[in-house]
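Biologist: I would like to learn how to read a model like this one, feature by feature. Shall we start from the side chains and work inwards?

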Amino acid sequence: MAKDAAHFTEMARRMETGQGFIAALDQSGGSTPKALRLYGVEESDYDGEEDMFARIHEMRSRIITAPDFTSEKVLGAILFERTMRGEIEGKPTADLLWNDRGIVPFLKIDKGLADKADGVQLMKPMPGLEELLQEAVGFGIFGTKERSVVHEANEAGIQAIVDQQFEVGRTVMGAGLVPILEPEVDIHSETKAEAEVMLRDAIKKHLDAMPEGETVMLKLTIPTEPGLYDVLSDHPRVLRVVALSGGYSTDDACARLSKNSKMIASFSRALTEGLSKQQSDDEFNASLGQNIDKIYRASI
C-alpha cells in the first residue's frame, strides 16, 4: 500500500485531531524476550531468534485483530521492522491497520542505545536509514519513532540528545515521513523534574528554528510537573505530543497522564499488562479491552 498524498493528509488530520492513543507494538531484539515472558512464553518455548520473532508476531497479530483494537480508541500503532514486513490475515500489517482498522501506522527506526555518557544514552548509529525509510514509504507508513534516554539533569547530555533527535528527524522528514522524537527521561532518575525542564527548553529552541511546513511529533515521559510540556503541544511545528509509560503500571501511568490534558498515551507494556498466551480469546480480548479503555479515557 504505497502511501499517496490523500492517504497522508487523512493520516495527518487523524493524528492531529483524533481522540485516542498510539499503541506501541515495537519491541525489538533486546526487549522481545521480556515482552514474551510477560505474555507467558518462556525462552525455553522457542528455538532461536527466528522462532522468537515468530512468537512475538503471533502476539501482535492477536492484539491488532482483537475486537477493541480499532480507530474508535486507537489512533496509531508503532511497528517493529519485522512487523512492517510481515502480514496479518494475509495482508501487509500497515495495510491492515489503515485500510481495515483506520489506525495510522508508524515504524520504530532506532537500533538501540549507546553507552551512557554525560548522564544520557544517545541512539546507536543507524546504517541504511535512508533505504529503510524508502521501504517504509512503500509500505504506507506515516511516520517513525526513535528513542534515546535521559538519566540525569546534565545540560550537555540533554543538548546532545535533542540535537541527535532533530538530526534524525530531518532525515525522516526528507523521506516524506513524520518523525516521533522520543528523548525518554528515566522515571527512576533522582533529577527527573530538573531534567524535564532542561529537555523542554532544548526541544523548544529546535522547534523555533524549524522552517514552516515541517512537522514533528514528540514522545515524552509523563512529566513530574503536570502541564510542563503544554508549550510544546501548542507549538505550530508539533503535530502531537504523546506520553510513554516508562515502567509505570497501567493504572499509575493513566492517573499521571490524566493530569496532562495536552498529551495522549503511547504505551507499550501498560497496553499489554495482564495479557497471556494461555488466555482464551474471550479472556484475552476482555483483558485487552479493559486496558485499551483505561488508556483511552486517560488520553481524552
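Biologist: Is Glu273 buried, partly exposed or exposed?

Modeller: First, a caution: this is a predicted model. Now the residue. Glu273 has a relative accessible area of 30%, so it is partly exposed, because that class runs between 20% and 50%.

Biologist: Which side chain does Glu273 meet in a salt bridge?

Modeller: The general idea comes first. Side chains of opposite charge can pair when their charged atoms come close. Here, Glu273 meets Arg269, at 3.4 Å from N to O. Arg269 is partly exposed too, at 25% relative accessibility.

Biologist: Which residue is in contact with both Arg269 and Glu273?

Modeller: Ser249 is, once its neighbours within four places in sequence are left aside. Ser249 sits in the loop between β10 (238–244) and α10 (250–257). Its relative accessible area is 33%, so Ser249 is partly exposed. Ser249 and Glu273 are 24 residues apart along the chain, and their C-alpha atoms are separated by 8.0 Å.

Biologist: What lies 3.1 Å from a polar atom of the Ser249 side chain?

Modeller: The backbone nitrogen of Asp252.

Biologist: Back to charge pairs. How many salt bridges does the structure hold?

Modeller: The structure holds 23. Let us take two that differ in sequence range. Glu10 and Arg13 meet at 2.7 Å, N to O. Both lie in helix α1 (residues 5–17), three residues apart, about one turn of the helix. Glu10 is partly exposed at 30%. Arg13 is partly exposed at 43%.

Biologist: And which residue forms a salt bridge with Arg62?

Modeller: Asp281, with the closest N and O atoms 3.2 Å apart. This pair links distant parts of the chain. Asp281 is in helix α12 (residues 281–299), Arg62 is in helix α3 (residues 48–64), and they are 219 residues apart. Is the arginine buried or exposed? Arg62 is buried, at 15% relative accessible area.

Biologist: Which residues are linked in a network of salt bridges?

Modeller: Glu81, Arg85, Lys111 and Glu135 are linked that way.

Biologist: Now strands. How should I read the two sides of one?

Modeller: In a regular strand the side chains alternate between the two faces of the sheet. Take strand β1 (residues 21–25). Five of its five residues are buried. Phe21, Ala23 and Leu25 are on one side, and Ile22 and Ala24 are on the other. Both faces are covered.

Biologist: In which sense do β1 and β2 pair?

Modeller: Parallel, over five bridges, with β2 spanning residues 74–79. Ala23 stands opposite Ala77 in β2.

Biologist: What is Leu220 in contact with, beyond its neighbours within four places in sequence?

Modeller: Its contacts include Pro183, Leu199, Ile203, Tyr229 and Met263. Val241, Val242, Ala243 and Leu244 are also among them.

Biologist: Last topic, aromatic rings. How many aromatic pairs does the structure hold?

Modeller: Four. A pair of aromatic rings is described by the distance of the centres and the angle of the planes. For Phe53 and Phe80, the centres are 5.6 Å apart and the planes are at 25°, so the pair is stacked. Phe53 lies in helix α3 and Phe80 in the loop between β2 and α4 (81–85), so the pair ties together parts 27 residues apart in sequence. Both Phe53 and Phe80 are buried.

Biologist: What angle separates the planes of Phe106 and Phe142?

Modeller: The angle is 90°, with 5.6 Å centre to centre, and the pair is edge-to-face. Phe106 lies in strand β5 (residues 104–108) and Phe142 in the loop between α6 (129–139) and β7 (143–150), so the pair ties together parts 36 residues apart in sequence. Phe106 and Phe142 are both buried. Together with Phe8, they form one aromatic cluster.

Key
Residues numbered from 1 in each chain as written. Predicted model: local features only at pLDDT ≥ 70, side-chain atom pairs only at ≥ 80, totals over all residues. Heavy atoms only, no water. Salt bridge = Lys/Arg side-chain N within 4 Å of Asp/Glu carboxyl O. Helix = DSSP H or I, 4+ residues; strand = E, 2+ residues; numbered from the N terminus. Buried < 20%, exposed > 50% of the residue type's maximum accessible area, 1.4 Å probe, protein only. Contact = heavy atoms within 4.5 Å. Polar contact = N/O pair within 3.5 Å; in protein donor to acceptor, adjacent residues only side chain to side chain. Pairing = 2+ DSSP bridges. Phe/Tyr/Trp six-rings, centres within 6.5 Å; stacked < 30°, edge-to-face > 60°.
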